[in-house]
Amino acid sequence: MQPEVSTWLARDPDPVTRKELQKLVDANNQSELAERFASRLAFGTAGLRGIVGAGPNRMNRLVIQETALGLGKYLQQVEPQSAIKGVVIGYDGRPDSRQFAHDAAAMLTFLGIKVFLTDNVAPTPVVAFGVRHLNAAAGVVVTASHNPPAYNGFKVYWGNGAQIIPPHDSGIAGQIDIAAAEPLPQHSVEDGEREGLLVWLNDDFYTEYRKALNNSPLLSNHHQPEALSLAYTAMHGVGAELAESLLADAGFSKVYSVAAQREPDGTFPTVNFPNPEEPGAMDLVIAEADKHQAMLACANDPDADRFAVAVRTEEGEYQMLTGDQVGVLLGHYLLTHAAPTQNLVGTTIVSSTLLKKIAESVDAVFYQTLTGFKWLTNVAMDKQTADSQFLFAYEEALGYTVGNTVWDKDGLSALVAFAQLAAELAAKGKTVWDQLESIYREHGLYINAQRSIALQPGSPPVGDSLRATPPTHIAGRGVAIIDDLKLSQRIHADGRIEEIDLPPSDVLIYHLDDGSRVVVRPSGTEPKLKCYYEVVEAMSHEDCFSHVQQHAQQAMDDLIRKHQASLE
């Protein structure tokens, strides 16, 4: 037996994964053993995420315990008050999540760090809220969000309530490596409780989050909520109880929950992939909406940090809004309702640029970040001033945050805000589609699309070849500006160069002379090139909307086809 395998078997506290690993050894399954022991799950700004199973390249109790020890030791290094301030820990409804959360709590209390541990499953935004609410040094959520059932994860928040960013990720990772080479402490949640280091977060804690949202001026727009009907699904996740309570608090009495998907179930029996963006994932909530002729069919993902919605059309069908459309609608709505000093809004480099246009039209302050909500919230904290308080941020992958109650994406507050937006429109005799068209007529029709190109593992970076011979035209359109985020430079067609104030990243953004945009970046997790496209079609109040839509879609199809062909 290989030494690393026998060492793992001796350290692993879980009889289930020990047995699983022993079976692989007995069967001499070298390929599987090699895959599990070739590397360790990498800890980064998104924490850990991977398939549950035995070995360092999997999510399991031993990996969690070593990770928690690494986090705790890093906190003790950089945050002198961490032992007193403590760490908030919550978990989702996946089969191993409660055990993993308890293991993390046991290791942190072993180090003498106070732990606030939820006594039940918790939506991710509730834990993020808890970090600042309890003035904790950090937070942990055991969740794999909308990944398939085989996965789990370990997400870390810093004391500011936002997801960690460098240098904390590498600092924690370094301490995890040290912990993985040291004897594992024998310590339990019960030990931590006896030592007075464990505080259980019960119903009162969830109520504090609920009260904070109810007291937010941004969620206090009550325009005939009783007239709006909506269907809702938690998608076998942990959002149902709070989602239904918050909607009831806001006066929405016609809420129809999908019973088959209401309770937490980490096997996700009714969906192939528990991500509202995936085809078929919204089928049951749309059927529920159709049964009641509801205006909206709403969903949270399993840890309730994302929000998705399908809206009833004039023909009685239900059509999904894209993440960009929801972001634009919420951004426009909040900018026209908030106090004048609450005017800071942002989105990411791959999301629609329409929010920037809307912000400029009302003299609001707009900012843009790299992909990932960790950037949207951490940058917002740095940018806000007394005259420009943070209001709203979103990313196209269904992530939104309304105000600063939670410094991360929050599918629950987004649900309430969107319901209030729709209710106000309905009270004025307008639909969500009317409002979207109105925004397009004022600022232009923006449509966005994404495509991925599979690459051969180990193939040279595509970005380097594109930098070596920069295109002057894409799909017959002139390239006016290239934003090279790896070099932190904005390169104009006439040769002028400006500096870009974003962290270096292997991303190229092509601004074309007709207002279109192409963003090219490698995937951080797979051998893939991700391409994001935006087409802008000018329109007036006299133009036929369907004709403009058709023309924009043709332009998008042409741009995608020709650009993808140029990369082959």
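Is Leu 184 buried or exposed? In this predicted model, Leu 184 is buried, because its relative accessible area is 15%, and buried means under 20%. The residue sits in the loop that links helix H8 (168-179) and helix H9 (189-194).

Let's see what surrounds it. Setting aside neighbours within four places in sequence, Leu 184 is in contact with Arg 11, Leu 62, Gln 65, Glu 66 and Leu 69. Take Arg 11 from that list: 173 residues separate it from Leu 184 in sequence, yet the two C-alpha atoms are 7.1 Å apart in space.

The axes of H4 (residues 61-78) and H8 come within 7 Å of each other and cross at roughly 120°. H4 and H8 are therefore oblique to each other, and their crossing is right-handed.

Now follow the chain onward to a sheet. Strands of a sheet pair through backbone hydrogen bonds, either parallel or antiparallel. Here, five strands form an open sheet in the order E8-E7-E9-E10-E11, with mixed pairing. Strand E8 (254-257) and strand E11 (318-320) are at the edges with a single partner strand each, so one side of each has no neighbour in the sheet. On average, neighbouring strands are turned by 25° against each other, direction ignored. Inside the sheet, E7 (residues 229-233) and E9 (residues 296-300) run parallel and are joined by four bridges; Ala 231, for example, has Ala 297 in E9 as its bridge partner. Across E7, E9 and strand E10 (307-312) lies helix H16 (residues 411-427), running at about 170° to E9.

Helix H13 (residues 323-335) packs with helix H14 (residues 354-361) at an angle of about 10°, and their axes are 10 Å apart. That angle makes H13 roughly parallel to H14, and the crossing is right-handed. Val 328, Gly 331, His 332 and Leu 335 of H13 meet Leu 354, Leu 355, Ile 358 and Ala 359 of H14. This contact has six nonpolar and two polar residues, with no charged ones.

Technical notes:
Residues are numbered from 1 along each chain as its sequence is written. This is a predicted model: local features need pLDDT of at least 70, side-chain atom pairs count only at pLDDT 80 or more; totals for chains, interfaces and linings use all residues. Side-chain values use heavy atoms; hydrogens and water are left out. Axes are lines fitted to C-alpha atoms, for helices over the stretch in contact, and angles run from 0 to 180 degrees between N-to-C directions. Helices (H or I, at least four residues) and strands (E, at least two) are DSSP runs, numbered from the N terminus. Angles under 35 degrees count as roughly parallel, over 145 as roughly antiparallel, 65 to 115 as roughly perpendicular and the rest as oblique. A crossing is left-handed if the near helix is turned anticlockwise from the far one by less than a right angle, and right-handed if clockwise. Contact means heavy atoms within 4.5 Å. Ala, Val, Leu, Ile, Met, Phe, Trp, Tyr, Cys and Pro count as nonpolar, Asp, Glu, Lys and Arg as charged, and the others, Gly among them, as polar. Two strands pair if DSSP finds at least two bridges between them. Buried means under 20% relative accessible area, exposed over 50%, partly exposed in between (1.4 Å probe, protein chains only).
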